[in-house]
Amino acid sequence: MLIPQKEPFYRVVDREQEVFEHAWKNRLPLLLKGPTGAGKSRFVEYMSYKLQRPLINIACHEETSSTDLLGRYIIKGAETVWIDGPLTRALKEGALLYMDEIAEARPDVIVAIHPITDHRRQIYLDKTGEVIQAHSDFMFVASFNPGYQKGFRDLKPSTRQRFVSISFNYPKPDLEAEILMGETGIDKNTARKLVKIGNKIRNLTDMGLTETVSTRLLVDAAKLISSGLFARLAVEVAVVEPLTDDPDVLSALKEMTALMI
Ligand code: ADP
């Protein structure tokens, strides 16, 4: 459980900081909606620093169960001891709990979190028979990649309505260029070219890409360029290759981006 030592680099994009601060004051659960690589996790780290509250991260995947979050008995020598899971720890210690990609977790996870997202702010540990009441500083934050892409799970309306929600999207070009410069020290001209490439690919809707260029991919390309990799190659390996395995789409994208950097 950690508070970042120094302020994480985060460029505020819209009014997300203000919303987070008010959600925090009211101890309302917060849902960050948006595609992968759009800055959601970085934003939560930044808010953990700003509010000086420790952060506990849980990356959800299809195997994540409520036992993983709440805790379990383990055998230690001749004894059986109870070990709190990250959710129980966050509740007891008053941390910011960030559950990334919450919709990917197993359905029992969603059931387990319901009582901490309403006025009860508590969980029942059926294995120990205890009710754990949240510390007054506990706050619950989750992220969710809306299900417009194939392969992503949806979140039930009854769960969504428990959260104050913010949409994250790719930042406007000037801002995204600033993020690339701030994150990697790359020059303005190259940053702008990378953002142009990102937006060009984002606007190609007929390529059948399941995910498009995230800020993360552009940051990765900027890092490679800034460490000395030939810019065209950096774009190929950090931006184009991660998007698709289809040879025709790959060569079309490589050809297009080569002319832009
Ligand atoms: P998500 O959690 O939405 O998948 P991340 O928070 O991991 O995405 O963001 C991916 C990367 O993009 C970060 O590591 C950071 O380099 C960069 N990034 C995206 N948005 C911002 C922003 N607003 N300010 C600073 N960096 C950002």
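**Ligand contacts in the predicted model**

Mentor: A backbone N or O atom of Arg42 sits 2.8 Å from an oxygen atom of the ligand. This is a predicted model; local features need pLDDT of at least 70, side-chain atom pairs 80 or more, while totals for chains, interfaces and linings use all residues. Numbering runs from 1 along each chain, and side-chain values use heavy atoms, without hydrogens or water.

Trainee: Which residues surrounding the ligand are closest?

Mentor: Gly37, Lys40, Ser41, Arg42 and Glu183, out of 17 (a heavy atom within 4 Å). By class, the shell has seven nonpolar, five polar (Gly counts here) and five charged residues.

Trainee: How do you know where the ligand lies relative to domain 1 and domain 2?

Mentor: Domain 1 (16-167) and domain 2 (173-258) both give residues to the shell, so the ligand lies between them. The bounds come from an automatic or database assignment.

Notes:
Polar contact = N/O pair within 3.5 Å; in protein donor to acceptor, adjacent residues only side chain to side chain.
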